[in-house]
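Work through the exercises below with the sequence and the structure at hand. Each task is followed by a solution in steps.

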Amino acid sequence: MTKRKRVFRYFFDFMDGQEKWLNEMAAKGWRLVKCGQLTYHFERCAPGEYEYAVDFVAHKSFAKSKDYKAFLESMGYKTFYKNINVGIFFGSVKWRPWGEGAGQFATAPGSLRKELVIVEKKKDGKPFELHTDLTDSLTLYRKIRTAYFWYAGCLFAFALMLLIDTVQMHTVYPALGAILCGALGCLWLIPGLKTSRKVRSLKEEAETNEYDAPSTKKNISKMIAAIAIPVLLASLAYGAVKISGVPVTMGRNESKWFNHWHASYGEWSGHKQRRVTLHEGTHTFEIEINTKSGELDLSITGQDGTEYYKGSKLPTSTFEVQVDLAAKDKLTLRVDAKGHKGGFKIKWE
Amino acid sequence: MSHLRDNIAGGALTETTFLVLLSTYTPNHGYGIMQFIERATNGRVLLGAGTLYGAINTLLKKKWIAPFGSVEPGSNKKTYVITDLGKQIAEKELNRLGELYGLASRIIGGEPQ
């Protein structure tokens with residue numbers, strides 16, 4: 001029987017979902033010994049010997065979270081830092097709208113990718129809860145709720161940007177990305193809504209039970225802001241880039257598909273080409289040029305050097321080019337730009 | 001300062017706050033506080049470590065408790081003790097609870113009012 005094992009896993013439902021899973025593993029006789037960003041290392045133990053709780057520390061500054069972790073250790077628990085954010089870059093900084101004081105900014109190295117603390121206790125029959133006081137739980141769950149919504153909001157913002165891309169470029173790739181981001185966003189939204197329900201029931205309890213009210217007024221607006229701000233910022237930044245015509249690299253807005261080649265850019269100099277294999281027969285190339293300024297040349301050449309089309313300094317226009325092929329040929333489409341602002345679309349069958 | 005006065009005048013401490021204050025009449029560390037509270041309430045109140053950490057820090061900030069002595073070498077257990085201000089608060093709470101107890105006994109216990 002194996003003594004150790006490594007499991008790949010990531011929990012969007014990072015509080016309840018993760019805690020439940022760790023406890024299931026412990027019940028089966030697997031004790032956590034180490035966790036990576038996407039991995040958990042386990043060691044054999046007696047089934048049900050340990051139990052786990054996941055605590056949220058992403059609102060604390062790194063100094064405070066370390067102090068808290070040391071306190072938990074002094075209480076006789078074993079603790080592990082665990083990430084919500086996944087990444088490899090040192091020197092990153094992230095803003096956390098739910099943070100307290102210095103905890104609003106997470107850095108790597110530092111508190112970034114140490115958003116959670118997994119706490120292990122030797123099972124002793126008594127309930128294992130880290131937050132037992134109404135005031136304390138309510139304050140914490142509100143922060144967790146905001147965090148879930150913020151992560152969901154960020155992904156919805158990505159999805160929105162990709163949707164704009166889809167509409168502008170008439171291609172499916174960004175749409176697939178948008179669906180993926182939207183789906184991932186929902187994976188955070190669902191536990192967010194569950195936490196929201198928990199907050200509501202604790203609030204009802206706070207009406208009649210002892211409760212040391214911290215300021216609560218801003219909470220609803222904070223919750224909405226968590227979703228709205230990333231969406232708004234992203235669309236503003238995106239819109240600004242699109243409208244201002246800041247030179248954007250060719251790749252950013254280029255779309256290649258088996259039957260079309262689109263590109264739009266602020267300003268571009270250089271050349272690009274792609275090869276298209278077509279069978280014998282007559283083929284129609286639908287070409288759309290958008291020239292705001294600068295020069296754009298386009299040529300379509302056969303494998304043996306036959307020039308099927310050549311246009312220089314093309315103005316804004318839409319036209320068709322017919323190509324008759326006696327046999328299967330590999331055509332080269334080449335675009336040359338000199339300080340060209342605008343874009344082009346080439347479509348064929 | 002007005003915050004403190006509110007608390008002195010305002011009354012009702014949360015159960016967690018009051019129990020932590022009581023547990024530091026003799027210097028005590030985190031784990032000891034948790035044990036004390038569990039024993040003193042016959043297991044009715046099982047304080048979560050996260051909640052206890054929050055309570056200790058709030059009480060330190062309000063100066064109702066203070067760090068006691070130095071940390072034992074080779075151990076990371078910090079010890080805390082109630083301050084004079086803390087004792088004042090606790091006495092006030094005792095009086096308030098006494099009053100409430102008297103009232104409740106008269107009504108629930110059916111004593112003539």
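The model is predicted.

**Exercise 1. Domains of chain A**

Task: State how far apart the C-alpha centres of domain 1 of chain A and domain 2 of chain A lie, and describe the contact between these domains.

Solution. 
Step 1. Take the bounds from the assignment: domain 1 covers 4-122, domain 2 covers 134-244 and domain 3 covers 250-347 of chain A.
Step 2. The C-alpha centres of domain 1 and domain 2 of chain A are 22 Å apart.
Step 3. Across this pair, 10 residues of domain 1 of chain A are in contact with 12 residues of domain 2 of chain A.
Step 4. On the domain 1 side that touches domain 2 of chain A, six residues are nonpolar, two are polar and two are charged.

**Exercise 2. Confidence in chain A**

Task: Decide how residues 245-251 of chain A should be read.

Solution. 
Step 1. For chain A the mean pLDDT is 85, and 91% of its residues reach 70 or more.
Step 2. Over residues 245-251 of chain A, pLDDT stays under 50, and the model has 14 contacts beyond four places in sequence for them.
Step 3. Where pLDDT is low, predicted coordinates should not be read in detail.

**Exercise 3. The surroundings of A:V321**

Task: Is A:V321 buried, partly exposed or exposed?

Solution. 
Step 1. Locate A:V321 in strand 13 of chain A, residues 317-325.
Step 2. Apply the cut-off: a residue is buried with 20 or more other C-beta atoms within 10 Å, and exposed with 12 or fewer.
Step 3. A:V321 has 16 C-beta neighbours inside 10 Å, so A:V321 counts as partly exposed.
Step 4. Beyond its neighbours within four places in sequence, A:V321 is in contact with A:F285, A:I287, A:I300 and A:Y309.
Step 5. As a distance exercise, take A:V321 and A:P191: they are 130 residues apart in sequence, and their C-alpha atoms are 55 Å apart in space.

**Exercise 4. The sheet of chain B**

Task: Which strands of chain B stand at the edges of the sheet?

Solution. 
Step 1. List the elements of chain B from the N terminus: α-α-β-α-α-β-β-α. This comes to five helices and three strands.
Step 2. The three strands form an open sheet in the order 1-3-2, with antiparallel pairing.
Step 3. Strand 1 (28-29) and strand 2 (65-67) of chain B each have a single partner strand, so they stand at the edges, with one side of each left without a neighbour in the sheet.
Step 4. Strand 2 of chain B is joined to strand 3 (residues 79-82) of chain B by three bridges. B:I65 has B:I82 in strand 3 of chain B as its bridge partner.

**Exercise 5. Helix 4 of chain B and the contact with chain A**

Task: Check the length of helix 4 of chain B, then find what helix 4 gives to the side that touches chain A.

Solution. 
Step 1. At 1.5 Å a residue, the 13 residues of helix 4 of chain B should span 18 Å; the end C-alpha atoms are 18 Å apart, which agrees.
Step 2. The buried residues of helix 4 of chain B are B:A49, B:G50, B:T51, B:L52, B:Y53, B:A55 and B:L59.
Step 3. Just after helix 4 of chain B, B:K63 takes a positive phi of about 60 degrees.
Step 4. Between the chains, 17 residues of chain B are in contact with 21 residues of chain A. Helix 4 of chain B gives the most to the chain B side, with five residues.
Step 5. That side of chain B divides into seven nonpolar, eight polar and two charged residues.

Technical notes:
Residues are numbered from 1 along each chain as its sequence is written. Chains are lettered from A and ligands numbered from 1 in the order in which they are written. This is a predicted model: local features need pLDDT of at least 70, side-chain atom pairs count only at pLDDT 80 or more; totals for chains, interfaces and linings use all residues. Domain bounds come from an automatic or database domain assignment. Two residues are in contact if their C-beta atoms, placed from the backbone, lie within 7 Å. Ala, Val, Leu, Ile, Met, Phe, Trp, Tyr, Cys and Pro count as nonpolar, Asp, Glu, Lys and Arg as charged, and the others, Gly among them, as polar. Two strands pair if DSSP finds at least two bridges between them. Helices (H or I, at least four residues) and strands (E, at least two) are DSSP runs, numbered from the N terminus. pLDDT is the predictor's confidence in each residue, from 0 to 100. The expected span of a helix is 1.5 Å times one less than its number of residues.
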